Amino acid sequence: MNPEQAKSRIEELTQQINYHNHLYYQEDRIEISDFEFDQLLEELIKLETAFPELLDPDSPSQRVGGTITKVFETAQHEYRMLSLGNTYSPEELQAFDDRVAKGLGHRNYEYFCELKFDGVAISLVYENGRLVRAVTRGDGTKGDVVTENIRTIKNIPLHIKGSNIPAKLEVRGEIFLPRKEFDKINAEREANGEALLANPRNAASGTVKMQDSAIVAKRRLNCYFYQLLGEDIGVSQHDEAIHLIESWGFNVSPTYTKCKTIKEVFEYIENWKNKRFELPLDTDGVVLKVNDYEQREELGFTAKIPRWAIAYKYQAESAESELLSITYQVGRTGAITPVANLTPVQLAGTTVKRASLHNANEIQRLGLHEGDTVFVEKGGEIIPKITAVSLDKRKAGATAIKYIDHCPECETPLQRKEGEAKHFCPNAKSCPPQVLGRIEHFVHKRAMDIDSLGTERIKTLIDQGYIQNFADLYELESQAEQLLGLEMSQDQYQKSDDGFLFISLPKAFFALTEGISLSAIQKFTERHAEQPLKEVLSSFELFIRTSNKKVAQNIGTIKKLEETLSSGHLPQMEDYLPVAAVLHVLVGNWISMEKLTSACMHENTVHGILLKLNLPLSSEQEDRIKKMKANTFQEGVISNMLEGIKASMNQPFEKVLFALGIRNIGENTAQVLARHFKNIDALAAAGTEDLLAINGVGEILVHSTQEYFKDPENRAIIERLKSHGLKFETEASTQTLESEILKGMKILASGKLNHFKRDEIIQFIEANGGQYLKAVSKSLDFIIEGEDMGPSKKEKAEKLGVKLLSEAEFLEMVGMKS
Ligand SMILES: NC(=O)c1ccc[n+]([C@@H]2O[C@H](COP(=O)([O-])OP(=O)(O)OC[C@H]3O[C@@H](n4cnc5c(N)ncnc54)[C@H](O)[C@@H]3O)[C@@H](O)[C@H]2O)c1
Ligand SMILES: [Zn+2]
């Protein structure tokens with residue numbers, strides 16, 4: 001490559017890297033994997049090394065990738081917050097160790113190793129044991145002050161206790177969102193019809209930079225600490241520092257260890273390669289650091305990274321597998337997700353049987369054909385993905401995968417919106433997973449809070465036609481009697497094309513016999529799965545003779561079953577028995593076969609059939625028939641459920657509004673809207689202007705709200721809910737008299753107030769016509785200065801010429817002089 005070519009390639013790389021850095025740090029999004037990003041950076045560094053005259057001091061190779069935002073105050077870091085060098089190759093890691101050895105004149109040294117946590121870096125400054133400031137890494141020199149948000153993280157000490165705590169110290173760590181929390185948030189977002197968070201790292205980063213600490217608190221972020229800094233911290237080794245901060249109550253990941261040689265480091269890396277997936281958070285490598293602080297000083301820094309530490313990053317593992325089929329899942333919002341079913345392979349320590357395909361574009365991009373051999377990769381994600389197809393192994397005559405055009409759950413033709421990657425089922429009103437999703441959202445703890453209604457129960461009530469939307473819940477009471485004995489899992493049933501009900505062999509055998517356990521019967525039927533039904537029946541007789549005490553009685557029953565099957569004109573199905581035949585044996589002759597068969601049409605469970613026939617059964621017969629059923633609704637469960645439904649009528653308007661599941665109206669928006677409009681009719685009648693005037697309401701929300709209220713069916717559901725006594729207006733506020741005394745004013749409160757708690761002051765300002773802003777800015781009318789308002793905030797306010805009012809002055813102004 002000549003200097004000309006190098007120059008243009010360097011420019012190209014710089015531009016690309018800056019673009020991806022911007023996405024990654026400012027927008028919390030990615031378009032390429034970390035590996036691809038690191039390759040770009042490595043290429044740039046190589047070129048700059050080969051052509052040193054082309055090195056621009058502003059090159060992304062010389063700078064820490066992040067920047068500061070304009071929303072928060074900024075603070076200078078006392079010690080720069082650097083990045084880490086990284087490598088994916090053992091050879092380069094060995095080369096790093098050689099450099100360290102050389103740099104230290106081949107004296108002895110140790111490495112402190114721990115996992116590289118995939119989150120966001122944070123710096124906490126403590127003065128006299130009190131947390132005074134939390135700052136993001138920013139551009140390495142200065143960062144955003146996000147103290148309020150960080151305070152909400154439960155295991156971050158606000159005061160540190162212990163002896164010998166330096167007057168001033170700094171602790172650094174990585175904030176992360178535990179994978180479980182991430183999944184939970186996404187499940188909720190999906191149910192609310194909100195956009196999903198891409199990965200736990202982006203979610204953590206976005207959360208730390210949120211404007212509203214109350215939402216941050218709900219996200220349950222966590223943090224691992226890995227560094228202690230300060231003038232007189234009194235230790236000279238890193239591991240001692242870690243023990244120290246641990247003893248002060250900082251959360252330290254238990255994964256750390258000390259290694260005496262690079263060989264031990266390699267063992268550590270190998271050891272965690274698969275085990276790291278069992279950790280509660282995403283990790284993407286191992287960080288090794290020279291343990292001794294004096295040795296660190298000798299080794300020093302480059303512009304961007306320390307020379308005494310490096311990150312070894314794990315490459316995503318890949319394996320080959322065969323595509324068996326594609327399942328199309330219908331989400332709670334109707335979005336279709338294709339999932340590849342694969343022959344099981346071992347990957348990153350787990351057996352992989354499925355891989356996500358995201359959407360139709362992805363299938364097309366891969367050019368997937370039936371039965372293809374594919375490469376699967378598992379990175380940080382929990383669900384592996386297919387990265388490529390092995391064309392050499394494509395089977396002759398294989399056809400390309402054709403994407404479905406009808407909903408697999410309800411047969412409605414699928415739609416795809418302009419600019420959206422996913423297909424979706426537009427039948428929101430009666431597509432079962434969508435109905436389930438809405439009702440689950442409705443009963444959610446943070447909505448109507450009916451905790452006696454779990455997913456399985458809701459599903460059953462939908463499948464059996466008891467509810468179609470949440471308004472039906474309030475009419476369940478009148479059907480309590482029918483619910484008794486309702487079956488919850490219907491895996492044991494099959495229906496023929498014309499709607500005739502069959503029951504699995506094990507369940508039927510279990511009901512027909514006595515003294516044999518269901519699991520023994522299941523083992524028996526598994527062993528005989530390949531045999532035709534006739535042979536299975538005679539094998540079962542043999543099984544009874546050799547393993548059961550009640551031989552005569554049980555054989556008699558099976559004989560009767562054989563008779564029924566051969567005499568009647570009952571339909572047949574592999575591995576299943578007609579429910580009519582089993583009931584005939586159990587109930588006896590006094591009900592005709594015709595009646596039984598017709599009752600078995602278009603019913604989904606034995607429970608449904610018995611309701612239809614309304615037979616006077618002996619208790620012994622009832623007991624035996626019960627053995628055919630799945631888990632059922634019992635009396636206690638039903639009364640519990642009905643009580644929960646009744647109690648939910650007391651939920652306040654904002655919860656009811658949230659529960660309705662209007663697109664884009666999350667919990668907080670519901671609160672804001674409820675407070676503003678006070679009742680549902682005012683909200684329904686609100687015009688675009690009225691809505692847009694509210695803080696935090698944008699066009700998208702206006703659109704979905706208006707769409708919702710336009711639909712007569714939604715209005716009808718609201719009317720029904722109203723008639724059942726649900727609250728569709730706010731209760732008269734007990735807190736303050738509403739006034740317009742603060743009308744049009746933009747206000748911030750900072751520091752500790754005596755008269756108000758944090759959320760009270762916000763409520764108070766809003767209830768009196770003012771607007772609460774969360775950061776110091778020019779547009780503020782004034783700041784209410786609390787007891788310990790931060791000096792930097794104060795300075796900024798003064799610089800911008802924003803007026804400061806003491807709490808007493810503010811109280812006087814609103815006529816609440818205390
Ligand atoms: N995919 C993309 O488009 C894209 C874009 C930009 C950056 N990135 C990725 O971001 C990373 C670059 O970011 P970076 O400069 O922050 O470097 P880095 O994240 O690779 O390394 C530095 C950071 O590691 C963190 N860390 C985690 N565990 C640690 C531990 N045990 N000890 C010390 N530090 C620990 C610290 O927060 C530190 O700031 C690369 O991994 C890169 O692949 C990706
Ligand atoms: Zn559907």
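Q: What makes strand E4 and strand E7 a pair?
A: Two strands pair if DSSP finds at least two bridges between them. E4 (residues 120-127) and E7 (residues 168-176) are joined over eight bridges in the antiparallel sense, so they count as paired. One of the bridge partners is Lys-168 in E7, which faces Glu-127. Strands are DSSP runs (E, at least two residues), as are helices (H or I, at least four), numbered from the N terminus. This is a predicted model, in which local features need pLDDT of at least 70 and side-chain atom pairs count only at pLDDT 80 or more, while totals for chains, interfaces and linings use all residues. Residues are numbered from 1 along each chain as its sequence is written, and chains are lettered from A and ligands numbered from 1 in the order in which they are written.

Q: Why are E5 and E8 at the edges?
A: The open sheet has the order E5-E4-E7-E8. E5 (130-136) and E8 (222-229) each have a single partner strand, so one side of each is left without a neighbour in the sheet.

Q: At what angle does helix H6 run to E7?
A: Helix H6 (residues 200-208) runs at about 135° to E7 and lies across E4, E5 and E7. Angles run from 0 to 180 degrees between N-to-C directions, with axes fitted to C-alpha atoms, for helices over the stretch in contact (C-beta atoms, placed from the backbone, within 7 Å).

Q: Which residues come nearest to ligand 1?
A: Of the 24 residues around ligand 1, these are His-20, Tyr-24, Asp-34, Ser-83 and Ala-121. A residue is near a molecule if its C-beta atom, placed from the backbone, lies within 6 Å of it. Helix H1 gives the most to this shell, with four residues.

Notes
Two residues are in contact if their C-beta atoms, placed from the backbone, lie within 7 Å.
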